[in-house]
Amino acid sequence: MDGVQAFWLGIIQGITEFLPISSSAHLILAPVLVGWTDQGVAFDLAVHVGTLLAVVLYFRRDVTSLTKDGVASLLQRRLIGQGLMASYMVIGTVPAALAGLLLLDLIDTQLRSIEIIFFTTLIFGLLLGWADWRPSQRRTITTLTWKDALLVGVAQALSLIPGTSRSGVTITAGLMLGLNREAAARFSFLLAIPITALAASAKLLEVATGDVVVDWSGFVIGGLTSFIMALTAIHFFLKWLNRFGMWPYVLYRMALAAVIYVLLMN
């Protein structure tokens with residue numbers, strides 16, 4: 001991998017990781033469309049670390065209070081401050097963690113086809129648009145229950161299929177449960193922290209135990225660009241959330257599905 005490829009893939013990963021348009025689909029499609037070789041597991045680790053650092057930095061106050069109150073609640077066996085929300089994050093992370101552990105080989109070998117990405121991009125994009133169009137989203141994040149967290153977590157497990165979009169499907173689930181846009185997006189971004197940390201840990205283990213040659217220049221370039229772009233994407237997504245809603249991303253997904261069909265499926 002040369003520096004130019006690492007730079008552009010880092011940008012793609014950083015922008016698409018937290019927008020509801022699927023980073024995995026874009027990282028699969030980009031090399032196919034421009035003729036690049038597969039970026040490899042070490043680069044995947046770099047961009048996961050970059051996006052993880054971005055979301056932790058952006059929500060650093062939440063992360064600090066959730067960690068502190070969650071640990072205190074566990075040690076004292078009673079809910080303290082943000083301890084309840086911390087427990088919801090654990091509940092919401094378990095389904096995707098189990099699915100990744102049990103189905104990762106299937107996902108990596110059989111669910112990365114262009115046809116599957118086409119259908120998931122199209123179908124889950126339409127679901128996002130329908131969920132955003134429904135007029136009943138009034139609940140705030142303080143109304144979350146453990147059942148809500150579990151259902152959003154099950155939705156997050158679906159995002160292991162390329163083209164689904166982790167942020168897209170979790171926001172869709174939140175909207176369908178009656179959460180307002182801000183609450184659905186905020187819980188989605190908070191859920192990104194533990195699952196991205198687990199994904200980065202899995203990649204790190206694969207790099208450490210496997211016969212993987214790390215291209216350190218590509219690692220640094222990809223990680224840094226994904227960090228900067230992810231931080232930017234989170235900021236503007238939340239800033240424009242109530243003004244534009246989800247439909248810009250729905251329309252983008254429809255256009256992307258059309259491009260996939262015309263260029264790669266005919």
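These legends walk you through close-up views of a predicted model.

**View 1. Helix 3 packs against helix 10.** Start with helix 3 (residues 41-58) and helix 10 (residues 216-244), whose axes come within 7 Å and cross at roughly 35°. The crossing of this pair is right-handed. On the helix 3 side, the contact is made by A42, F43, L45, A46, V47, G50, T51, L53, A54, V55, L57 and Y58. Facing them from helix 10 are G218, F219, G222, G223, S226, F227, A230, L231, I234, H235 and L238. Sorted by class, the contact has 16 nonpolar and seven polar residues, with no charged ones.

**View 2. Helix 1 also meets helix 10.** Here helix 1 (residues 3-18) and helix 10 pack at an angle of about 30°, their axes 7 Å apart. That angle makes helix 1 roughly parallel to helix 10. Look for G3, A6, F7, G10, I11, Q13, G14, I15 and F18 on helix 1. Their partners on helix 10 are G218, I221, G222, T225, S226, M229, A230, A233 and I234. Ten residues of this contact are nonpolar, eight are polar and none is charged. The crossing of helix 1 and helix 10 is right-handed.

**View 3. Helix 1 crosses helix 3.** The axes of helix 1 and helix 3 come within 10 Å and cross at roughly 45°. The two helices are therefore oblique to each other. As helix 1 passes helix 3, the crossing is right-handed. Helix 1 brings A6, L9, G10, Q13, G14, E17 and F18 to the contact, and helix 3 brings F43, V47, T51 and V55. This contact divides into six nonpolar residues, four polar and one charged.

**View 4. A salt bridge joins K203 and D44.** Zoom in on the side chains of K203 and D44, where the closest N and O atoms are 3.8 Å apart. The pair links distant parts of the chain, with K203 in helix 9 (residues 181-209) and D44 in helix 3, 159 residues apart. A search of the whole structure finds four salt bridges.

**View 5. Two annotated transmembrane regions seen end to end.** The unreviewed UniProt entry annotates "transmembrane region" at residues 7-29, 41-59, 79-104, 116-133, 145-163, 183-205, 217-238 and 244-264. Two of these spans are picked out here. For residues 41-59, the end C-alpha atoms lie 27 Å apart, and the span is 95% helix and 0% strand. For residues 116-133, the end C-alpha atoms lie 25 Å apart, and the span is 100% helix and 0% strand.

Notes
Residues are numbered from 1 along each chain as its sequence is written. This is a predicted model: local features need pLDDT of at least 70, side-chain atom pairs count only at pLDDT 80 or more; totals for chains, interfaces and linings use all residues. Side-chain values use heavy atoms; hydrogens and water are left out. Axes are lines fitted to C-alpha atoms, for helices over the stretch in contact, and angles run from 0 to 180 degrees between N-to-C directions. Helices (H or I, at least four residues) and strands (E, at least two) are DSSP runs, numbered from the N terminus. A crossing is left-handed if the near helix is turned anticlockwise from the far one by less than a right angle, and right-handed if clockwise. Contact means heavy atoms within 4.5 Å. Ala, Val, Leu, Ile, Met, Phe, Trp, Tyr, Cys and Pro count as nonpolar, Asp, Glu, Lys and Arg as charged, and the others, Gly among them, as polar. UniProt positions are given in the numbering used here, feature names are shortened, and annotations may be inferred rather than shown by experiment. Angles under 35 degrees count as roughly parallel, over 145 as roughly antiparallel, 65 to 115 as roughly perpendicular and the rest as oblique.
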